[in-house]
Amino acid sequence: MSGEATKTLSNDVLWGGGRSPFSISYGKMMMWFFLVSDALTFSGLLVAYGFVRHSTTEAWPIGEEVFRALPFLHGSYPLMYVALMTAILIFSSVTMVLAVEAGHRMDKKGVIKWLFLTVLGGAFFVGSQAWEWKHFIHGGGGYITTAEGAKYWVHNDTHDTHDPAHAPGFHLVLADAGHYMIGEKELEGEEALQVWNERVNYVDGANMVRNEYGPPQYANFFFFITGFHGFHVFSGVIINLIVLIMVIQGVFHRRGHYEMVEKAGLYWHFVDLVWVFVFTFFYLL
Amino acid sequence: MERDDIIEYSLDAHHSEEEGRQIRAKIWRVTGLLAIVTAVEVTLGAFWHEWFPQAWHLVKWTFVVLTLVKATYIVMTFMHLGDERRNIRAIILLPYGLFILYLIFIAIWESNHVHWAWEMFQ
């Protein structure tokens with residue numbers, strides 16, 4: 001049976017009441033209910049982040065200092081990469097809503113074009129997140145602590161963390177409390193090597209136990225929140241891909257409506273919506 | 001068996017070429033707005049230290065407000081919730097809104113006390 005139903009609908013379809021109370025189909029409504037529960041999960045994660053950040057007495061890392069790298073380029077570009085990722089995701093949300101609009105006009109070619117661009121944008125975003133994770137885990141050089149309790153940032157030109165003291169451009173910077181890789185006093189040459197050799201601790205990059213950016217919870221929340229969101233994007237790309245294949249096969253055209261594109265679209269916009277909040281509360285604030 | 005995805009009673013399941021043109025114009029308008037808001041957020045995030053070194057609280061609340069503006073446009077226009085009936089809008093937004101307000105309140109309240117306790121007994 002296709003969706004081409006007779007105009008007089010049976011009472012079962014109309015919730016036994018003779019008319020639909022919400023003028024919305026079962027599938028769309030259930031998608032909305034799922035999104036509300038999923039939104040609560042993400043809210044839980046972000047509120048937990050806020051709780052930890054607000055209750056901690058340690059200095060919390062600053063987003064525009066930690067996230068300032070771009071692929072293939074040296075130098076400092078605060079938040080540019082995250083902004084690019086945000087732009088890609090918003091753009092793919094726009095192509096999705098255009099696919100839904102084309103579906104309402106039964107324009108199969110239009111749906112295919114816009115849905116394909118949506119899948120492409122989503123794949124780009126997942127790839128960008130993989131790069132960002134790699135960069136975050138590797139870190140920018142790390143820091144050492146001395147027996148007296150002083151903390152020095154480790155700098156070198158190649159961001160080498162295996163043998164940083166022998167990489168070109170090696171120098172140490174006495175850490176400024178609450179800032180990342182920044183400080184007033186620089187040590188170079190023999191002096192820097194001596195401090196390096198007398199280090200009691202070297203923390204570089206990030207893992208679940210410790211990280212060079214700040215308290216361990218900072219990296220834990222980074223992995224958990226962006227990871228959970230990234231997994232949503234990944235499944236969204238898969239769902240969109242399946243819907244795209246079904247559109248190409250003409251399944252929805254025969255059915256008489258493109259509501260499946262609309263339902264997949266709701267999920268996809270939700271993923272974009274979550275990122276808007278992650279962007280603000282994890283990176284900007 | 002009767003399909004359960006029959007959408008005869010769904011609002012806006014189909015529209016004409018002319019309506020499509022208007023909807024597309026609206027989509028592009030909202031896109032421009034979202035792009036501008038994001039650009040403002042990023043610029044402010046990167047340069048507020050130099051421009052408004054004392055005004056972190058103001059900048060912070062600007063971010064929160066701009067985020068809510070973006071969220072409203074995504075939910076109301078892109079997710080078409082603004083075009084649905086008022087009752088479906090209410091059963092989706094109200095329970096979530098009430099719960100999240102409570103969650104934020106309790107998180108701020110409790111984290112204040114935990115912060116105080118750690119400072120006290122460290």
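Trainee: Hi! How many residues does each chain put into the contact between A and B?

Mentor: Hello! Chain B brings 55 residues to that contact and chain A brings 52 residues. Keep in mind that this is a predicted model.

Trainee: Which elements of chain B give two or more residues to the side that touches chain A?

Mentor: Those are α1 (17-51), α2 (56-78) and α3 (86-121) of chain B. The most comes from α3(B), with 16 residues.

Trainee: And how do the residues on that side of chain B divide into nonpolar, polar and charged?

Mentor: On the side of chain B that touches chain A, 28 are nonpolar, 12 are polar and 15 are charged.

Trainee: Staying with chain B, how many helices and strands does it have?

Mentor: Chain B has three helices and zero strands. Starting at the N terminus, the order of its elements is α-α-α.

Trainee: What is the radius of gyration of chain B, next to that of a compact globule of 122 residues?

Mentor: Chain B has 21 Å, whereas a compact globule of 122 residues would have a value near 14 Å. The C-alpha trace of chain B spans about 65 × 40 × 25 Å along its principal axes. As for burial, 16% of the 122 residues in chain B are buried.

Trainee: What about domains in chain B, and where are their bounds?

Mentor: Chain B is split into domain 1 (16-83) and domain 2 (86-122). The centres of these two domains of chain B, taken over C-alpha atoms, are separated by 24 Å.

Trainee: Switching to chain A, what are its domains?

Mentor: In chain A, domain 1 covers 26-53 + 60-138 + 214-284, and domain 2 covers 143-203. For this pair in chain A, 38 Å separate the C-alpha centres.

Trainee: OK, let's do the strands. Which way do β1(A) and β2(A) pair, and over how many bridges?

Mentor: Strand β1 (residues 143-145) of chain A pairs with β2(A) in the antiparallel sense, over three bridges. In that pairing, I144(A) sits opposite Y152(A) of β2(A). The two strands form a hairpin with five residues between them, and G149(A) in the turn has a positive phi of about 95 degrees.

Trainee: Which strand is joined to β2(A) by four bridges?

Mentor: That is strand β3 (residues 171-174) of chain A, and β2(A) and β3(A) run antiparallel. Here W153(A) stands opposite V173(A) in β3(A).

Trainee: Why is β2(A) largely enclosed by the rest of the structure?

Mentor: Four of the five residues of β2(A) (residues 151-155) are buried, so the strand is largely enclosed.

Trainee: What does A147(A) contact, leaving aside neighbours within four places in sequence?

Mentor: A147(A) is in contact with E198(A) and V200(A). V200(A) is 53 residues apart from A147(A) along the chain, with 6.1 Å between their C-alpha atoms.

Trainee: Last topic: which residues touch the most other members of the largest nonpolar core?

Mentor: That core has 76 residues, and the ones touching the most other members are A99(A), V111(A), L115(A), Y152(A), W153(A), V261(A) and V278(A). Helix α8 (residues 259-284) of chain A gives the largest share of this core, 17 residues.

Trainee: And what does V261(A) touch?

Mentor: Not counting residues up to four places away in sequence, the contacts of V261(A) include A99(A), V111(A), L115(A) and F252(A).

Methods:
Residues are numbered from 1 along each chain as its sequence is written. Chains are lettered from A and ligands numbered from 1 in the order in which they are written. This is a predicted model: local features need pLDDT of at least 70, side-chain atom pairs count only at pLDDT 80 or more; totals for chains, interfaces and linings use all residues. A residue is buried if 20 or more other C-beta atoms lie within 10 Å of its own, exposed if 12 or fewer, and partly exposed in between; C-beta atoms are placed from the backbone. Two strands pair if DSSP finds at least two bridges between them. Two residues are in contact if their C-beta atoms, placed from the backbone, lie within 7 Å. Ala, Val, Leu, Ile, Met, Phe, Trp, Tyr, Cys and Pro count as nonpolar, Asp, Glu, Lys and Arg as charged, and the others, Gly among them, as polar. The radius of gyration is taken over C-alpha atoms; the globule rule is 2.2 Å times the number of residues to the power 0.38. Domain bounds come from an automatic or database domain assignment. A nonpolar core is a set of buried Ala, Val, Leu, Ile, Met, Phe, Trp, Tyr and Cys residues joined through C-beta atoms within 7 Å.
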